[in-house]
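Work through the following exercises with the coordinates open, and try each task before reading its solution.

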Amino acid sequence: MAAAAAVIRPMRLAALTRTRSSVFQTAYNPTSARTGAKYLRARLRGPSMVKYYTPEANIAQLIRQWPELEMINLAEDERLQDVEDKKKRGKGAPKKAKEKGDSRRASRRR
C-alpha cells in the first residue's frame, strides 16, 4: 500500500502546480519558458538612482532664473563667438529658406 501511494501521477502534479500558482499569484509556466517574470517582479531601480545622484546645476537655467545677478554663461558665449567666426569664413550653417521654392532641395529637383 505504501508503494502505491508513493507514485503520484504527472497529471495530478500539473494540477497541483496550476492550483498553487493561482493561490500564490505566481505565473503558471509548465514548459519552463523564459518569461522574464523575475525581472518584472523586481523593484524598480530608477527612482532610488535618481534620489542618489544630486541634480546637475544648469548654468543657463540659473541665469534665466536670476537675471538681476547679471551672470554670464562663458561656454555659451564662446559657442556663439565660434559660430560668428565660422560665418565670417563662410563655414557656417546655410541660411534657412524663406519659402519652399527657395530651398536647395527644390532647386535640385527642377
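**Exercise 1.** Decide whether Ser-21 is buried or exposed in this predicted model, and list what Ser-21 touches beyond its neighbours in sequence.

*Solution.* Begin with the location, which is helix α2 for Ser-21. Next take the relative accessibility, which is 8% for this residue; since buried means under 20%, Ser-21 counts as buried. Finally, leaving out residues up to four places away in sequence, the contacts of Ser-21 are Thr-26, Ala-27 and Tyr-28.

**Exercise 2.** Find the salt bridges of the structure and state how the partners are placed along their helix.

*Solution.* The search gives 2 salt bridges, and the cut-off applied to the nitrogen and oxygen atoms is 4 Å. In one of them, Arg-79 is joined to Glu-76, with 2.8 Å between the closest N and O atoms; these two residues are 3 apart in helix α6, and therefore about one helical turn separates them. Both ends are partly exposed, as Arg-79 has a relative accessibility of 43% and Glu-76 one of 31%. Another salt bridge links the side chains of Lys-88 and Glu-84 at 3.9 Å, N to O, and this pair also lies in helix α6, where 4 residues, about one turn, lie between the positions. Here Lys-88 is exposed at 64%, whereas Glu-84 is partly exposed at 41%.

**Exercise 3.** Count the aromatic pairs and classify the geometry that you find.

*Solution.* The count comes to 1 aromatic pair. Tyr-52 and Tyr-53 form this pair, with ring centres 5.0 Å apart and an angle of 90° between the planes; because planes over 60 degrees apart count as edge-to-face, the arrangement is edge-to-face. As for accessibility, Tyr-52 is exposed with a relative accessible area of 63%, and Tyr-53 is exposed with 58%.

**Exercise 4.** Identify the nonpolar surface patch that includes Leu-16, and describe the accessibility of this residue.

*Solution.* The patch is formed by Ile-8, Leu-13 and Leu-16, which together have about 290 Å² of accessible area. Leu-16 itself is in helix α2, residues 10-23, and has a relative accessibility of 47%, so that Leu-16 counts as partly exposed.

Terms used: Residues numbered from 1 in each chain as written. Predicted model: local features only at pLDDT ≥ 70, side-chain atom pairs only at ≥ 80, totals over all residues. Heavy atoms only, no water. Patch = residues over 30% accessible without salt bridge, like charges linked within 9 Å, V, L, I, M, F, W, Y side chains within 5 Å. Areas by Shrake-Rupley, 256 points an atom, 1.4 Å probe, with all protein chains shown as cover. Buried < 20%, exposed > 50% of the residue type's maximum accessible area, 1.4 Å probe, protein only. Phe/Tyr/Trp six-rings, centres within 6.5 Å; stacked < 30°, edge-to-face > 60°. Contact = heavy atoms within 4.5 Å.
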